[in-house]
Protein chains: 2
Amino acid sequence: MDPKLGRMTLKEWVAIKSDSVQPMPRFRQELFRMMAVAADTLQHLGARVTSVDMGSQQLPDGQSLPIPPVILAELGNDPTKGTVCFYGHLDVQPADQGDGWLTDPYVLTEVDGKLYGRGATDNKGPVLAWINAVSAFRALEQDLPVNIKFIIEGMEEAGSVALEELVEKEKNRFFSGVDYIVISDNLWISQRKPAITYGTRGNSYFTVEVKCRDQDFHSGTFGGILHEPMADLVALLGSLVDSSGHILVPGIYDEVAPLTEEEINTYKAIHLDLEEYRNSSRVEKFLFDTKEEILMHLWRYPSLSIHGIEGAFDEPGAKTVIPGQVIGKFSIRLVPHMNVSVVEKQVTQHLEDVFSKRNSSNKMVVSMTLGLHPWIANINDTQYLAAKRAIRTVFGTEPDMIRDGSTIPIAKMFQEIVHKSVVLIPLGAVDDGEHSQNEKINRWNYIEGTKLFAAFFLEMAQLH
Amino acid sequence: MDPKLGRMTLKEWVAIKSDSVQPMPRFRQELFRMMAVAADTLQHLGARVTSVDMGSQQLPDGQSLPIPPVILAELGNDPTKGTVCFYGHLDVQPADQGDGWLTDPYVLTEVDGKLYGRGATDNKGPVLAWINAVSAFRALEQDLPVNIKFIIEGMEEAGSVALEELVEKEKNRFFSGVDYIVISDNLWISQRKPAITYGTRGNSYFTVEVKCRDQDFHSGTFGGILHEPMADLVALLGSLVDSSGHILVPGIYDEVAPLTEEEINTYKAIHLDLEEYRNSSRVEKFLFDTKEEILMHLWRYPSLSIHGIEGAFDEPGAKTVIPGQVIGKFSIRLVPHMNVSVVEKQVTQHLEDVFSKRNSSNKMVVSMTLGLHPWIANINDTQYLAAKRAIRTVFGTEPDMIRDGSTIPIAKMFQEIVHKSVVLIPLGAVDDGEHSQNEKINRWNYIEGTKLFAAFFLEMAQLH
């Protein structure tokens, strides 16, 4: 194998602070560097690489930031072979060592067979596993069993800004020869048993701003005579979900697909050791006590999470401030057949109702800043069968057939625009902690995942 | 006047980032530098100066930080004269230009007669006005009409850590010859009319921590099956105060002093142009429509403010995180005759009741991190009369006799430990914005305030 690839490359890639969430120019520069490094790696592999300029992004505050290029790459063009396109992303969630990381999030660090680092599992590790698999055929001087295409972006964690337009534009060009699309951007539901994913939830991300004035107040000088924006905001956020996790926005469950007996049976067939799951999650108690309820509330029912507040006092210590203007942030994970626009209307209406009852003199503005559709696939497609066979070869077991509670909007997008079969083949274990502190990928998953992709190429060649 | 004093010194003092609220070593270093610079200035004035070592402070996270020294200084020791002790503080609230400051908070900047900068009015400007007044007698080679003492600290914004023990220890030494204590650490209630303050509210600062685990979650992977700490916290914070500003903690109003007809009349006598007040505050509408209600809810009724949340997502952008552990912060401004320990019990009990009804598997911990008593004085003391006469001399008007909604716990502390008359003579205008962005002191207030203190020395000499 090329000595430039493998774990050393993952270390180099993790070291690049390609954070797409925090809209600061320094992170944007890192994103551009990340995409250039990846393009270089693919060129080194022998691929024809195009880095597509994606223009720039207008932020709500008026700031304009450049969008990192999307990489389109091709390797092999044999009309007798199937063509598999791999989608991945190289941007990451924010990470700050002060938030509770035990190691520097941007220094890949191996501890007990676990490779810790931001992006290790989401999604730099899996992208490299696919590249490593291709590289293995090269190193053995074997022809690739399939034609390979890559579409690699740098804005996934920020909602894949502008990607949809590119896919639309390339529908009859780059994607015309593509038969199958593979994504590896989620996790297994166990620590050791591989899985194939056939559905994901969507996501509607909301901000609700409450403003008295654009300056904070001293709580001694003004406490007692103001409609305090934080009191309004806390009431608004408190009206969204009850203590059992039930969303309180009227109408929100109307379009959720009815539950069938057949569907319940698919959950029963899945192996999930609740005890192990709870231990690996380090959660004392979940909202539900049975495997089936837990899987359904992660996959087929919507959920609402409150993420935080911008503009309030968020540091250690005791500041006696009345914030003048605050922005609450929450999101709803959508499931088939919920509609993004309908949810936007329902949430906005609900918050306006709650706010108007308070008779507050503050101004409230509700915005949906991201609206990502849920996705569900046909599990009898050729590549689902190939993936199952590859898993049997490498892992000696049947995969869990699962859905994912996370949002991978490009799955839905590829399905709708390109009309190709999409499969999600995760490599990471359930406890990888993507998006949280101490994200990691196991060394074993990284290496077996590389083998799995190589075996998948061979199975695809047979089944196609 | 000494060329080292005056506005240039205020500029130098504001440039020192003496933030006592954020417990970082770099701010602590600045605090020590601030106290050293002030000791130097007082020595330069001819005072005998002692910088008292205050030891160190143990933070909740285990960190230990040194406490800046308290300055005790004396100027004059004539037994035939009265002795006035001036209390001030040189630490400041946090300030960050990114939070909405129009100028660098640590560069004193004059715009239209306003001197903008963190600490300009709270409390560096008033401390320097007092020093300038003393300096004026020196420059004119006149004897000081009174003996002057200074007690200057650097931890006021963090609750005057360890000051009480020092005052207790110095009760029969430094304070034995003191007749009167003057504090100038609050504001007028108008832009142009001076005031004397005879009471302040106290403050109980609370944190309520809700913890699932010490690591965040991804809202896709875990949303729907968790008791989310933010949902618990928002419900807890939402249970504290209603939309009319009424505190919902049972029993909290029990010890509030009953309102008498006589007291109502004192509020009626105060000039407060509500229209001007609202305009200068840039608040569209207050909770109350009459002058009397507003003054009473700032001075003689408790208030509750929610300050913010530590541990949640607080940056711009859209992070899909479920915070694993969050700390809500709020405080209650206390009034006579509320008791800090009783309030602590009431709040803790209330939050425990609300939390237990949620059946959450998370852990909740309520802490009162600061408990500061309210204070009220006898307005017929000699120095109240002297202050009134000095105001007539310098400003040609009667002062507003006011109370302050803010907490100046050392007023209560001096009264209880030293048993001396305490007066608050504010210098800053109502719109100075202490604790908020764009804090300032008017050039006019700073200069007339210096004159007021000089006139006060002369009046004290006559009345004593």
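Mentor: What follows is a set of questions about the words used for this structure, each answered from its definition. This is a predicted model, in which local features need pLDDT of at least 70 and side-chain atom pairs count only at pLDDT 80 or more, while totals for chains, interfaces and linings use all residues. Residues are numbered from 1 along each chain as its sequence is written, chains are lettered from A and ligands numbered from 1 in the order in which they are written, and side-chain values use heavy atoms, with hydrogens and water left out.

Trainee: Why is Arg300(A) called buried?

Mentor: Buried means under 20% relative accessible area, exposed over 50% and partly exposed in between, with a 1.4 Å probe and protein chains only. Arg300(A) has a relative accessible area of 3%, so it is buried. Arg300(A) lies in the loop between α9 (291-299) and β13 (303-310) of chain A, where helices (H or I, at least four residues) and strands (E, at least two) are DSSP runs numbered from the N terminus.

Trainee: What makes the pairing of the Arg300(A) and Glu263(A) side chains a polar contact?

Mentor: A polar contact is a pair of N or O atoms within 3.5 Å; within protein, one must be able to donate a hydrogen and the other to accept it, and residues adjacent in sequence count only if both atoms are side-chain atoms. The two side chains make such a contact at 2.8 Å, and the side chain of Arg300(A) also reaches the backbone oxygen of Pro258(A) at 3.2 Å.

Trainee: Why does Gln462(B) count as exposed?

Mentor: Its relative accessibility is 60%, so Gln462(B) counts as exposed. Gln462(B) sits in helix α13 (residues 443-463) of chain B, and its side chain makes a polar contact with that of Arg389(B) at 3.4 Å. The C-alpha atoms of Gln462(B) and Gly82(B) are separated by 9.7 Å, although these residues are 380 residues apart along the chain.

Trainee: How do you know how compact chain A is?

Mentor: Chain A has 13 helices and 20 strands. Its radius of gyration is 23 Å, close to the 23 Å that the globule rule gives for 464 residues, so chain A is as compact as a globular protein of that length. The radius is taken over C-alpha atoms, and the rule is 2.2 Å times the number of residues to the power 0.38. Buried residues make up 63% of the 464 residues in chain A.
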